[in-house]
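Subject: Structure for you to look at

Hello,

Here is the structure I said I would pass on. Please open it beside this message and follow along.

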Amino acid sequence: MEVIINENKTGPLDLKNKFFTSAQGRVFMALLFVFLFFGCSTQKNTWLNRNYHSISAKYNGYFNARESYRDGLRRLSDQHQDNYDNVLSIFRYGNVAQAGSISNFMDVAYQKASLVIRRHSMFIRGVEHNRWIDDSYYLIARSHFFKRDYNLANLTFEYIIRQYDTDIAYDSKVWIAKAHNQTERYDLARQMLDNVQRDVEQGLLSAEGKRLFYLAYADHFARQEQYAAAIPHLQKGIAATKNNRERTRLTYILGQHYQYSGDFGNAQRTYARVLKMNPTFDMAFQARISMALAYDPASGDSNFIRSELNSMLRDAKNQAYQDRIYYALAQLAMRENKEEDAIDNYIKSTQASSGNNMQKGLSFLRLGEIFFQRPDYLKASIYYDSTVTFLPATFDGIEKIGERKVMLSDLARNIRIVEREDSLQRLAAMPPAERNAIIDNIIAELREQEQREREAERDRMRTMQAMQQQRRPGDVQDASWYFYNPTAMSFGRTEFLSRFGERPLEDLWRISNKQTIAFGFDGGQEGIEESEEGEEGSALDRSNYLRNIPTTPEQMAESNNRIAQALFNMGVIFKDRFNDPVSAISSFESLVTRYPENENKLRAYYFLYNLNRSTGDMSRAEMYKNRLLAEYPTSDFAQILGDPNYLQNVRQRQSMANQLYEQSYAAFVAGNYNRVIDNWETADTLDIDLGLRGQFSYLKALAYGRTGKTNEFRQELEYVVRNFEGTSVHQPATDLLASLGTHALLLPEDEQSGEEELVAQDISSIYTYNASAVHFFAFIIDVRQVEARELRSFITEFNTENYPDSRLTMSNIFLDDRRQIITVTNFSNKDVGMQYFRRIVAAPGLSNFQTEFITSFIISVDNYPVFYQDKNVDEYLRFFRALYTR
């Protein structure tokens, strides 16, 4: 074959070289040089300058800023989860945590757009000549909006409105109204929306601005649950929406608005319209469910709806959605006030759910709400535990659900103590032969249960072995097999924890401590002896059960004390945390009736007096008042009740409580710890808010620690952690409780050596120096200047890279409205803490923050509670620099 080479062929490189050596090429290069050189000025309003800066702004900085902004919005939209149990939000803006996850994208958009303004703005004689500058300001304002910095966003939008006369300025008004909606300032939002209405009528908004206006107006009413008023605006917004997926979602929301405003006919027609809009399978399924539920309850025609839902249950293609169908049947039953049917279907929903943790969590939540309202607090506690297990941390309202779960757990723990001790006392009252027979029957049942579980375990193992034998060498691991599927393993672990709790990794774990489980009691409760042996014989030995039965007078007295304390705790929880005066009265009356000599009787009388007054039962209130005055005539409570100006002096007593706390704190600093404890007893008689009561309790705990009362110290800290969540002392108490060990706070001051606790010789300070104490590292930041979430991410990365095996933990709380403290714990002594201090403050990544607004130090576990109470950073830094950095 002959290869022919075209010697006259000219390649691209030859053409380029010829062009730049030609006359035309030299002219082009000269013009390009002139364009770049003379077009750089931002103070000359020429065609060349305007076009240079306009092109540079649009295709460089602004393009990159807009792309980062859009990436953030896509991520926010992907993270948003619609909860069809409620009316869907018109805008998919997620919650606070999800908004925080896109802050980096919005920061990049802000930085790039700001750079465009600095480099390319042609603001000459009061007029901006670069048409991309207002777009850059608009992008900056929206980036602030999506970071939820609404004040800064509105300031930027207002600047655009004052400075520019373009459609962007009029669109900015809509965003200001949206920001007011987000912050629930509905009066201001309505004023702005009415103002924009006139601009819309004059055609001053862009097409997108007009669409947002209609949706913002609908959102304004929907947020206030005025669904009928939102409908006309939502209809206009849907008509202006071009994206089919978004239009389908908004149409579904329109159906919900009709349904919740009682227009069931239009609701069903709108849901039917959704089905014709080519929706996703999930949206179509939910539209069918909603169409079934959107019937008029007054018509009583629910049998047809129930039949439709049951038909959907039988449809094979809906098998993965059976949990939602059962949930819909439960909701239907609730609308008909058939609570038992609802409970049955909610339970079936949880059993049918596989992989849909959101739906499972919702079903558990509804069960918890039902039993909470009955009230059946033990069952409610179980269902709220499961709710928190399955609902995601981003679920709207998860914080309140978590708070209720903690409240119920505390109450359930005390209820179970009463039930357990009562059961054990009934056994103690039986003849030995009858008692032994009951225990032997329990042991026999446990043996049978254990045998059944062993057989089931063997069957499972045989099945897994058969599956494994079917696999050929070299086969790719199939994620459908349990142990190759991380999601299934995670789900299994959650199921195990919800059923058995945390268990040690040991043989025969199922039959350890069976004596407590056999009676239906929680293991590990105070006063119950647990077998330290893990052998089957000891777990099924009658003696292990007999040891917990109070057969001696001393054991019976301890059992009675546990019941009495639990009844008192229940009364306080009902009174202060559940706002359930009827249940509180029942608990306190059980206490004073069953245990008339109990140490809490005085306070129980006082609480019963106030609770009966609050329920309007003045005769019983007077009865308990008279008992208190007769039995405790010299008590502080008696003096309060005997005050003829009681109601007029409430404010004075509140002021007295504040003064008493200041005196207690001064006494603590001075080392007068017994005075602190005495003052707490006085404070407990006063009507004070939860926050101040928590501060008193926390100070009392610290006083116990200083006086060497280790058990009381731990108990009081646990009391603070359980009862004062959400107050300023909860996190410090949690940190302190987690770090308990052998440190100076647990020793009396006269037992601490001079070397271990050196009071500074050269300075006068409220702090004590102990190099061997456990230490915390702390950053204090100005939250207006430093992003706490980003700093926490930096600390996490630093710890992972430099201390991977140290198991350091991090927490953050507010010192006040502008300062936050981020702590890293625990360091075994001062030297280890200072080593960490020096490494992290020198880490390169820290310079990315505004370090002038960050204060760093280490602090001993003894000094941390003192510092948190005092909050004087300069005072502690003086102490720190004198004794730690010298």
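Which residue in β5 does Asp782 stand opposite? Asp782 faces Arg819. A word on the source: this is a predicted model, in which local features need pLDDT of at least 70 and side-chain atom pairs count only at pLDDT 80 or more, while totals for chains, interfaces and linings use all residues. Residues are numbered from 1 along each chain as its sequence is written, and side-chain values use heavy atoms, with hydrogens and water left out.

The sheet

Strands (E, at least two residues) and helices (H or I, at least four) are DSSP runs, numbered from the N terminus. An open sheet is formed by 4 strands in the order β4-β5-β3-β6, with antiparallel pairing. At its edges are β4 (809-814) and β6 (854-860), each of which pairs on one side only. From one strand to the next, the twist averages 20 degrees. Two strands count as paired if DSSP finds at least two bridges between them; β3 (residues 775-782) and β5 (residues 819-827) are joined by 7. In general, strands of a sheet pair through backbone hydrogen bonds, either parallel or antiparallel.

Helix α38 (residues 863-870) lies across β3, β4, β5 and β6, at about 135 degrees to β6. Axes are lines fitted to C-alpha atoms, for helices over the stretch in contact (heavy atoms within 4.5 Å), and angles run from 0 to 180 degrees between N-to-C directions.

Val824 lies in strand β5. Val824 is buried, with a relative accessible area of 0%; buried means under 20%, exposed over 50% and partly exposed in between (1.4 Å probe, protein chains only). Leaving out residues up to four places away in sequence, Val824 touches Phe776, Phe777, Ile795, Asn799, Leu808, Thr809 and Tyr836. Val824 and Ala778 are 46 residues apart in sequence, yet 6.4 Å apart in space, C-alpha to C-alpha.

A helix with two faces

In helix α15 (residues 303-314), Ile305, Leu309, Met312 and Leu313 are buried. They lie on the same side of α15 because they cover an arc of only 110 degrees around the axis, taken from the directions from the helix axis to the C-beta atoms. The buried residues of α15 pack against α14 (281-293) and α16 (322-335). On the face turned away from that buried side are the exposed residues Asn303 and Arg314.

Regards
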